[in-house]
Amino acid sequence: MLRGWRHLLSLGRGPFAVAIRPLHSSTAMSEAKRPKMSDEFKGYTDNEGRYINKQAAAGAVHDDVPEEVKDWSTEHSPSGSLFQPLKTAEEWSKFCLSQQQIDQYWEQGYLTNLPALTEEQCDRILDDYKLFLDPEKKHPGHGLFYEFHSNQSGDPSNILMHALGHWRITQLFHDLVFLPAISVPSSQLIDPSREERNVRLWHDQLFAKPARFGGVVAWHQDYSYWIRTKPMLHITVHVALDEQTVENGGLHFVPGSHRWHRDGMPLPITDDSFKDMESIQRVLTAEEKAAFKPVPSLLKKGYASFHHPLMVHGSFSNKTDKPRRAAVVNYFADGVRSDSDDPILPGAPVVKKGEKMEGQFYPVVYKTDYCRDESN
């Protein structure tokens, strides 16, 4: 027998378009200025005022999966393949951030170059990464991806491999989402009240830019793609599996842009193919354009950055002779709820609107008790 799903997709429905609603977060959004969107361009929306992500529909995966292929989403603790699971509060506490780091995050909207993986761990993960890059031979678990693009831009001179859901497919990627070096700091940064929170996996992503023809990732805010969940208690962790430089298309941030919104909503999606680097300029105010001063993260191999769901970020092309690859893990605080009656992730069961995001596909990766309790 085969496991699989046949999900009929239509633009403007399902997880690819959601009704626009004000952000629900404890952050004081009302204190920030609320500029209106330009009348000339309002981003990708449908007639019902929903943000549309057409590329997500184009990348939906429908392959059947053989019964003998393990779906790692059924395992809600690290296997020990990538790192040895921690046992004491003292071990967990070693990954806590300082107050200075927390303050910097809320001032700038991001933190960068925190150690996460050793070079040896990176190299092992990259061996798994290569299993997904051969266009002639699909991994037998390919049907477990939520979304897969061999080249999201569609331009052979601007290649960007992008995928979601690989934590379900290999043991190492599964263990990565439970990594204490990224889950513990996320607990400290995910809530603007500065209260530490239990953390759940939202979803993971892969971004690969091949040598010489590696594509751009256009400027965007992550929460523009996530408004089907609320409140906005999310965080993105970007783990560099190769050293990132300006020349090879490393991640860039726009400091302070985590305060930019539109009447409580994130900026609209302006290019879901990611290939038009500067498309966001069409929806920025004059004040935002003046403050648009990107800085490179300059991540070292095995190091991670953490950024706010409204942080404007992107990356330029890779014209070097080596690939640039990264693994991204997106989390939300335990207690975040669905804001849609359509599938939240392709192929995953519906979480009815208003219900808590939990279950097989959204495991708890960290509890605050771990740093206080000797019994984990």
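**Salt bridges and enclosed spaces**

R200, D334, K356 and E358 are joined in a network of salt bridges, a salt bridge being a side-chain nitrogen of Lys or Arg within 4 Å of a carboxyl oxygen of Asp or Glu. The model is predicted, with pLDDT of at least 70 needed for local features and 80 or more for side-chain atom pairs, while totals for chains, interfaces and linings use all residues. Residues are numbered from 1 along each chain as its sequence is written, and side-chain values use heavy atoms, without hydrogens and water.

**Salt bridges**

- By this rule the structure has 17 salt bridges.
- D334 and R200 meet through their side chains at 2.7 Å, N to O; D334 lies in the loop between β16 and β17 (337-338) and R200 in strand β8, 134 residues apart. Strands are DSSP runs of E with at least two residues, helices are runs of H or I with at least four, and both are numbered from the N terminus.
- Both D334 and R200 are buried, where buried means under 20% relative accessible area, exposed over 50% and partly exposed in between (1.4 Å probe, protein chains only).
- D334 also forms a salt bridge with K356, with the closest N and O atoms 3.0 Å apart. K356 lies in the loop between β17 and β18 (364-366), so this pair ties together parts that are 22 residues apart in sequence.
- K356 is partly exposed, at a relative accessible area of 26%.

**Pocket and cavity**

- The largest pocket has a volume of about 410 Å³, and among its 23 lining residues the closest to its centre are F132, L133, F148, S150 and M161.
- On a 1 Å grid over the protein atoms alone, a pocket is an open set of points with protein on both sides within 12 Å along at least five of seven lines; a cavity is a set where a 1.4 Å probe fits but cannot get out, and lining residues have an atom within 4 Å of a point.
- Grid points are joined across faces, edges and corners, and a volume is the space filled by probe spheres set on the points.
- The structure holds six cavities of 30 Å³ or more, and the second largest cavity contains about 160 Å³ of space.

**Buried parts**

- In helix α6 (residues 180-189), 10 of the 10 residues are buried, so the helix is largely enclosed by the rest of the structure.
- D175 lies in helix α5 (residues 171-176).
- The side chain of D175 reaches the side chain of S79 in a polar contact of 2.8 Å; a polar contact is a pair of N or O atoms within 3.5 Å, where within protein one must be able to donate a hydrogen and the other to accept it, and residues adjacent in sequence count only if both atoms are side-chain atoms.
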